[in-house]
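Let's walk through this one together, starting with a sheet and ending in the nonpolar core. Please keep the viewer open as you read.

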Amino acid sequence: MSDEANKGLLSPLRRKLLMGMAAVPAITMLPRASFAQAPATSAVNTTGLAVTDTEVTVGILHSATGTMAISETGSIEAEKLAIEQINATGGVLGRKIKFIQEDGASDWPTFAEKAKKLLVNDKVAAIMGCWTSASRKAVLPVMEQYNGMLYYPTFYEGLEQSKNVIYTGQEATQQILAGLNWIAKEKGAKSFFFIGSDYIWPRTSNKIARKHVENVLKGKVVGEEYYALGSTQFNSVINKIKLTKPDVIFTDVVGGSNVAFYKQLKAAGIDLSKQALLTISVTEDEIDGIGGENIAGAYACMKYFQSLDNPNNKTFVPAFKKLWGEKTVIGDVTQAAYLGPWLWKLTVEKAGSFDVDKIATASPGVEFKGAPEGYVRIHENHHLWSKTRVGRAKLDGQFELIYETADLVEPDPFPKGYQ
Amino acid sequence: MFGDYSLGDLGSIFVMQGFAGLILFSVYVLMALGLAIIFGQMGVINMAHGEFMILGAYVTWMTSNLFQTYLPSLFSGYFFLAMILAFVASGALGMLVEWVLIRHLYKRPLDTLLATWGLSLILQQAYRSVFGAREVGVELPQWMLGSLHVTDSIEVPINGVFVMCLTVLITVCVAYVMYKSRWGRQVRAVVQNRIMAGAVGINTEKVDRYTFGLGCGIAGVAGSAFTMIGSTGPTSGQLYIVDTFLVVVFGGAASLLGTIASAFSISQTQSTLEFFLSGSMAKVLTLLAVVGILMLRPQGLFALKVRK
């Protein structure tokens, strides 16, 4: 449905227009006096958002406490870094970004409550936040009712699209298909064993993966297993893996279970340098807890690795470490969270307004050339065009880039033939 | 489902599966022992049991870091010291908690549930503030990783064997202390009749404090051992608490033998079902079976008198 419109964006005329718009912030950035030239608040804010002549307020809504704090801390750090950098280069439409941070406390109703508070009381212009699908689903009706704008960083299962959300992580087909194609071609893999945590993301992802393995790659799924969130015992399933001898173990186990799974896999004598394992749930953040020695040799399929060798990433990683400590690692979602404030800034400047409706319409086609992952562009469906990459875990907890798609992969949250 | 496999394959898988069940059994016993003492002997519903375990895990992590920095030559043996330190740290915290909080609640056992639940939240946030919200990776000495290669298809995980030995050792120690030593007799006397025990000259407050400390200390050792098989983060303790209570309640409070029998039956059911069904279904069926049996035998598998 969106293809036509998107091709329109690539026409030479539109591209020139876009380039022109991209140049606008550069002009406002130059002299300190640019604040004086900032457009009048009444012109850029017609819906009563928290925008003054010098400041604009956004919300950060993640879990700083509770189970999910493990994962969401990185996102908070990345968003703060992005805001700091944007402010250092002149802000948005000549206004400094001020943020209000709320704690979702790993509790989904709390997320909805805090989102409402940010939109209704604080009148924030945008919210960077949420991590689990459950928290996003809780916040979504609030965003739609009060017409807010959410920048959501996590790779997720797809099957959703909203005027009020920009999805800066990959949806499932973007993340999974290229990885499966690669491993089928490279390793001649024919048989796959799926193991995941028992909730919506792994189940939807595995459904997509199964269809792809069976219909496209003509391979076989020899096992599909789910364990309750927080399970710490995987010896039985590891025995099943040994019995079925799959070419590839495909995993989307999350949280504390992840650590238990890889430690027990290693203890059971499964050598990941010989047994191919493809995961879509382990980033550098998770390896911190798992321990590089337990997972070295595994392949991960996502869009960003801290070790990516490109100019943007080479400035991003040191900046992040400078702010948050030398030992901090940066995973896929952390990078996606970093994109949120930048994409919002670029969209505001393209729209010439903070109004949510105008931002929602202006979003498609917005490109961010400074993304640490390379280059991203917002699609008509509010997801990002991005490359998919396969990395191999090393002993030091970093990934070595093994493969990346030649072109950007189109986001397809409602994949035909995969549901 | 076995049609495609050779007899040799099947044989070795059954051996491996047997080990998997035994390892799960040891893990259950180890995590439930501390609680069996606290809940079973003292009637305190300790919801913070998981957090005492994680304190042990963090102590292990710190010890490992210390050894890596200052004594790299002795790194291969650090784990034993770490377990002792974990016991001391969790035990000391347990005694402090007993003195500050629990001793005021002996007459209101249900309130201990709320108080220790609050304590668990406080401890989680404390870990988060001190050690950071992210999980930490505990590095193990080389000899504790990997597996013993028995035949081509039978591999025994070393950490599993380690947990088994540790469980046997601790169970024997606890059984000795509780049933043979003078102090154990005092504990049981206090459990059976607090007033009479006091009247014959037993310092019941002191006995309470040490009993609680011992339970927490064992939780610390368990947490230390579980760094080999699980994660170490501020909320990792929550992963164990449900299973722990399940084992203790099913076994019948106040009975060490009950705890062991219950850990054995739950782990074997779970592990066998996991092999034939999926992980989630295995859990559902195990829980259903436990609920069914508890309906018929509300006092658990083995029951002794509990302090009222």
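Two strands count as paired here if DSSP finds at least two bridges between them. With that in hand, look at chain A of this predicted model: 5 strands form an open sheet in the order 2-1-3-4-5, and the pairing is parallel. At its edges lie strand 2 (96-103) and strand 5 (165-167) of chain A, each of which pairs on one side only. From one strand to the next, the twist averages 25°.

Now step inside the sheet. Strand 1 (residues 55-62) of chain A runs parallel to strand 3 (residues 127-129) of chain A, and 3 bridges join this pair.

Keep Ile127(A) in view, as it leads on to the core. The largest nonpolar core has 204 residues, and those touching the most other members are Ile127(A), Leu343(A), Tyr28(B) and Ala32(B). Helix 1 (residues 7-42) of chain B gives this core its largest share, 21 residues. On the chain A side, domain 1 (3-170 + 308-386) and domain 2 (172-302 + 390-404) each supply at least three residues.

What does Ala32(B) touch, leaving aside residues up to four places away in sequence? Its contacts are Thr244(B), Val247(B), Val248(B), Thr259(B) and Ala263(B).

Finally, a look at confidence. Chain A has a mean pLDDT of 88, with 91% of its residues at 70 or more. Yet pLDDT stays under 50 over residues 1-10 of chain A, where the model has 11 contacts beyond four places in sequence. Residues 23-36 of chain A also stay under 50, with 13 such contacts.

Methods: Residues numbered from 1 in each chain as written. Chains lettered and ligands numbered in written order. Predicted model: local features only at pLDDT ≥ 70, side-chain atom pairs only at ≥ 80, totals over all residues. Helix = DSSP H or I, 4+ residues; strand = E, 2+ residues; numbered from the N terminus. Axes fitted to C-alpha atoms, helices over the stretch in contact; angles between N-to-C directions. pLDDT = per-residue confidence, 0-100. Contact = placed C-beta atoms within 7 Å. Core = buried A, V, L, I, M, F, W, Y, C linked by C-beta atoms within 7 Å. Buried ≥ 20, exposed ≤ 12 C-beta atoms within 10 Å, placed from the backbone. Domains from an automatic or database assignment.
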